[in-house]
Structure formats: structure tokens, C-alpha cells
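Have a look at the sequence and the 3D view first, then read on.

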Amino acid sequence: MDMEDDRTFRLEVDFSDMDEMINTIMHEMVHVKQYLRKELVQKDNIWIWKNVAFGKYAMDYRKRPWEIEAYFKEEQLIKSFKEEYI
């Protein structure tokens with residue numbers, strides 16, 4: 001996902017696998033929420049999560065607090081989406 005400005009985001013998704021597409025969209029929408037609410041701010045190679053600064057590569061990807069939240073909420077969103085639309 002690319003953030004073009006404070007309110008515009010661009011997401012490229014591979015449509016070859018429906019489940020993977022849904023998972024990716026739900027995960028990235030959590031990041032959109034984080035950016036819009038200013039919970040996550042990116043400045044150069046610094047990520048600021050709820051007013052705590054992290055170097056971009058200071059910790060493993062899956063241990064980053066914003067990714068932990070995104071993976072957790074992704075599962076909830078996928079379940080709700082599938083119950084409603086699939």
C-alpha cells in the first residue's frame with residue numbers, strides 16, 4: 001500500500017487467489033485506519049506508533065505493534081466479510 005497523501009491510499013492486489021486478495025485488503029484497511037487516526041505515522045525511516053518512535057528495521061516485521069494489530073483485526077474483518085458476502 002502506498003499513501004499518496006493524508007487521505008489517499010493506493011493498493012495493488014493480485015486477483016488470482018480470492019482468499020489471498022480478501023486477506024490482503026482487510027489487512028491493509030487496518031493500516032489505512034491507523035494512518036487516518038494518526039496512530040501510525042511514517043517519516044523517512046522512522047515509524048511512530050502511538051507516539052513511540054521505531055526505526056524502520058529495528059524489529060522483526062511480525063513483532064511491530066502496528067502489524068500485530070493489523071493481523072489480529074484482519075482475521076475479524078475476514079470473518080465478518082465472508083459471513084456477509086460469501
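How many helices and strands does the protein chain have? The protein chain has two helices and five strands. Here, helices (H or I, at least four residues) and strands (E, at least two) are DSSP runs, numbered from the N terminus.

## Ground rules

This is a predicted model, where local features need pLDDT of at least 70 and side-chain atom pairs count only at pLDDT 80 or more, while totals for chains, interfaces and linings use all residues. Residues are numbered from 1 along each chain as its sequence is written, and side-chain values use heavy atoms, with hydrogens and water left out.

## The overall layout

Follow the protein chain along its sequence and you get β-β-α-β-β-β-α. Its C-alpha atoms fill a box of roughly 40 × 25 × 25 Å, taken along the principal axes.

## Two helices meet

Two packed helices are described by the angle between their axes and the distance between the axes. The axes of helix 1 (18-36) and helix 2 (65-85) come within 8 Å and cross at roughly 125°. That makes helix 1 oblique to helix 2. Axes are lines fitted to C-alpha atoms, for helices over the stretch in contact, and angles run from 0 to 180 degrees between N-to-C directions. Under 35 degrees counts as roughly parallel, over 145 as roughly antiparallel, 65 to 115 as roughly perpendicular, and the rest as oblique.

Who touches whom? In helix 1, the residues that meet helix 2 include Ile 22, Met 26 and Val 30; on the helix 2 side, Leu 77, Ile 78 and Phe 81 are among them. Contact means heavy atoms within 4.5 Å. By class, this contact has nine nonpolar, four polar and seven charged residues. Ala, Val, Leu, Ile, Met, Phe, Trp, Tyr, Cys and Pro count as nonpolar, Asp, Glu, Lys and Arg as charged, and the others, Gly among them, as polar.

## Around Phe 9

Phe 9 sits in strand 2 (residues 8-10). Leaving aside its neighbours within four places in sequence, Phe 9 is in contact with Met 1, Asp 2, Met 3, Val 32, Tyr 35 and Leu 36. Phe 9 and Met 29 are 20 residues apart in sequence, and their C-alpha atoms are 9.7 Å apart in space.

## Two lysines with positive phi

Most residues other than glycine have a negative phi. Which way do these two lysines go? Lys 38, in the loop between helix 1 and strand 3, has a positive phi near 60°. Lys 50 is not a glycine either, yet its phi is positive, at about 50°. You'll find Lys 50 in the loop between strand 4 (46-49) and strand 5 (52-55).
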